[in-house]
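Student: I would like to go through the labels attached to a model and check each one against its cut-off. Can we start once the model is on screen?

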Amino acid sequence: GALVSDISLKNPADENYEWKPIGEFKGIFDGQNHTISDFSMTKVNDESIGFFQSLMSDPNETDEAKKATLKNFTLNGTIVTTAEAASAVGGVVGTTSGGVIRRVNSNVNIGSGLIYYIGGIVGFVTDDDTYAGGTKIKDCANYGLITYYKVENHGGRGYSGGITGQVALGEEDFILSDCYNYGS
């Protein structure tokens with residue numbers, strides 16, 4: 001998929017419109033340097049939460065140009081959740097394994113509680129054996145505010161970060177380069 005112009009997700013006919021996350025995405029999305037604005041999620045109760053719920057590459061794909069990819073766009077919006085079932089919240093992607101994220105700017109303010117992993121770009125980078133490892137996040141920036149509360153059912157521990165909340169210990173080929181966090 002590709003954006004051909006800036007878009008607003010605001011629905012003039014329904015002021016309470018909520019974005020439903022794009023599910024398990026395995027393709028290539030090129031924003032062609034456009035902006036997606038008025039992204040809003042507040043009534044969510046999924047395990048993985050973000051504009052894209054998950055970004056997963058085929059474990060047999062070795063050509064980076066064919067891996068699940070998000071690139072060249074800015075996302076403006078808000079995620080507010082207290083969903084007890086959620087484990088990962090990312091401004092752009094909840095969970096990824098083997099995905100490629102390049103030149104993506106997140107200006108998504110995230111307010112949450114009871115969540116294990118929260119990141120401005122990606123909540124959780126996993127090494128799930130079902131998918132390919134080797135996630136790459138390059139030339140990205142987070143401008144959003146992350147408000148994070150204590151996790152009650154996880155020993156009081158949780159992880160948050162401007163770019164990613166948590167990277168699984170087995171994710172040996174993970175690359176994070178030339179990314180910046182301007183948010184708080």
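This is a predicted model: local features need pLDDT of at least 70, side-chain atom pairs count only at pLDDT 80 or more; totals for chains, interfaces and linings use all residues.

Tutor: The protein has zero helices and 18 strands.

Student: What makes T95 count as buried?

Tutor: Buried means under 20% relative accessible area. T95 has 12% relative accessibility, so T95 counts as buried. T95 lies in strand β8, which spans residues 93-97.

Student: How do you know that the side chain of T95 makes a polar contact with the side chain of S48?

Tutor: The cut-off for a pair of N or O atoms is within 3.5 Å. The two side chains are paired at 2.9 Å, and the pair is listed as a polar contact.

Student: Which residues does T95 touch, not counting those up to four places away in sequence?

Tutor: They are S48, Q53, S54, L55, M56, A88, F124 and T126. To touch here is to have heavy atoms within 4.5 Å.

Student: How much of the protein is made up of buried residues?

Tutor: Buried residues make up 49% of the 184 residues. The accessible surface comes to about 8,800 Å², and 45% of that belongs to carbon and sulfur atoms.

Student: Which residues touch the most other members of the largest nonpolar core?

Tutor: F39, L70, F73 and I101 do, in a core of 34 residues. Strands that each supply at least two residues of this core include β3 (28-41), β6 (69-81) and β9 (100-112). In soluble globular proteins, nonpolar side chains tend to be buried together.

Student: What is I101 in contact with, leaving aside its neighbours within four places in sequence?

Tutor: Its contacts are L55, L70, V93, I121, V122, K136, I137, K138 and C140. For the protein, among contacts between residues at least 6 apart in sequence, 83% join residues at least 24 apart.

Technical notes. Residues are numbered from 1 along each chain as its sequence is written. Side-chain values use heavy atoms; hydrogens and water are left out. Helices (H or I, at least four residues) and strands (E, at least two) are DSSP runs, numbered from the N terminus. Buried means under 20% relative accessible area, exposed over 50%, partly exposed in between (1.4 Å probe, protein chains only). A polar contact is a pair of N or O atoms within 3.5 Å; within protein, one must be able to donate a hydrogen and the other to accept it, and residues adjacent in sequence count only if both atoms are side-chain atoms. Accessible areas come from the Shrake-Rupley method with a 1.4 Å probe; for residues, only the protein chains shown count as cover. A nonpolar core is a set of buried Ala, Val, Leu, Ile, Met, Phe, Trp, Tyr and Cys residues joined through side-chain atoms within 4.5 Å.
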